[in-house]
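I opened my notebook to look up how this chain folds. I wanted to begin with the overall plan and end with a single residue.

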Amino acid sequence: MKRLISLIIFFSLLMSGCSTAGEWIKEPVTFYYVQRDYQKDMEQVIISEIREASGHRNDIAYLLALYSMGPSNEDLKSPFPRNTSILPTARTPYSIELSLSESAATMTDLTLASACIALTCMELTDVQQVSVICGDRNIIIREDNLLMYMTNTPDVQEETK
């Protein structure tokens with residue numbers, strides 16, 4: 001009898017959405033952030049995080065504002081200083097230009113932050129080039145020049161005779 005009651009409760013919770021299965025992401029988007037302690041482990045610096053974007057999948061301004069709020073995963077951190085706004089200022093079918101607020105003007109690791117936002121924009125749209133403008137600096141990142149993952153090549157084994 002206890003087993004039957006347990007099964008009924010389990011299926012009731014499952015059907016009501018109170019389980020982890022009820023947390024499905026309906027319209028996922030992928031954002032790229034930096035690992036919180038990436039200086040200790042340089043193997044994985046930029047890591048993706050999947051977020052919900054229901055109703056806003058094609059609204060790049062909204063998605064960039066959502067990105068600016070930072071990651072939900074506490075192992076990740078935003079590559080930009082707090083309160084940095086990221087605004088799309090120009091867009092063509094193949095490129096997007098982003099303007100950063102003054103809070104990012106003194107960043108020393110703007111290239112890493114630009115790589116994160118470029119990867120995010122390339123995931124969100126069909127662009128192949130992202131231009132990040134911050135004060136008098138302009139970093140252009142192209143999809144074909146962005147090295148995503150680097151591994152050591154295996155040693156060449158001697159041929160056996």
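My entries below go from the whole chain down to single contacts.

**Ground rules.** I am reading a predicted model, in which local features need pLDDT of at least 70, side-chain atom pairs count only at pLDDT 80 or more, and totals for chains, interfaces and linings use all residues. Residues are numbered from 1 along each chain as its sequence is written, and side-chain values use heavy atoms, with hydrogens and water left out.

**Overall plan.** I looked up the secondary structure and found 3 helices and 7 strands. These are DSSP runs numbered from the N terminus: helices are H or I with at least four residues, strands are E with at least two. Along the sequence I read the pattern α-β-β-α-β-β-β-α-β-β. Next I checked burial, where buried means under 20% relative accessible area, exposed over 50% and partly exposed in between, with a 1.4 Å probe and protein chains only. Of the 161 residues, 32% are buried.

**The sheet.** I traced an open sheet of 3 strands, in the order E2-E1-E3, with antiparallel pairing. E2 (46–52) and E3 (76–77) are the edge strands; each has a single partner, so one side of each lacks a neighbour in the sheet. Strands pair here if DSSP finds at least two bridges between them. E1 and E2 have 7 bridges, in the antiparallel sense. I found Val-29 opposite Arg-51 in E2.

**Helices on the sheet.** H2 lies across E1 and E2, at about 35 degrees to E1. H3 packs on the sheet too, touching E1 and E2, and its direction makes about 170 degrees with that of E1. Axes are lines fitted to C-alpha atoms, for helices over the stretch in contact, with angles from 0 to 180 degrees between N-to-C directions. Is H3 enclosed or open? I counted 13 of its 15 residues as buried, so H3 is largely enclosed by the rest of the structure.

**The core.** I looked up the largest nonpolar core and found 35 residues. Such a core is a set of buried Ala, Val, Leu, Ile, Met, Phe, Trp, Tyr and Cys residues joined through side-chain atoms within 4.5 Å. E1 (28–35), H2 (60–68), E5, H3 (110–124), E6 (129–134) and E7 (137–142) each supply at least two residues. H3 gives the most, with 10 residues. Tyr-67 and Val-130 are among the residues with the most contacts inside this core.

**Rings.** I counted 4 aromatic pairs. The rule takes rings of Phe, Tyr and Trp (its six-membered ring) with centres within 6.5 Å; planes under 30 degrees apart are stacked, over 60 edge-to-face, the rest tilted. Phe-31 and Tyr-33 are edge-to-face, 6.4 Å centre to centre, with 90 degrees between the planes. Phe-31 and Tyr-67 have centres 5.5 Å apart and planes at 90 degrees, so this pair is edge-to-face. That pair links distant parts of the chain, with Phe-31 in E1 and Tyr-67 in H2, 36 residues apart. Ring pairs join Phe-31, Tyr-33, Tyr-67 and Phe-80 into a cluster.

I found Ile-96 in strand E5 (residues 95–100). Ile-96 is buried, with a relative accessible area of 2%. Which residues does Ile-96 touch? Beyond four places in sequence, its contacts (heavy atoms within 4.5 Å) include Ile-60, Pro-88, Cys-121 and Val-130.
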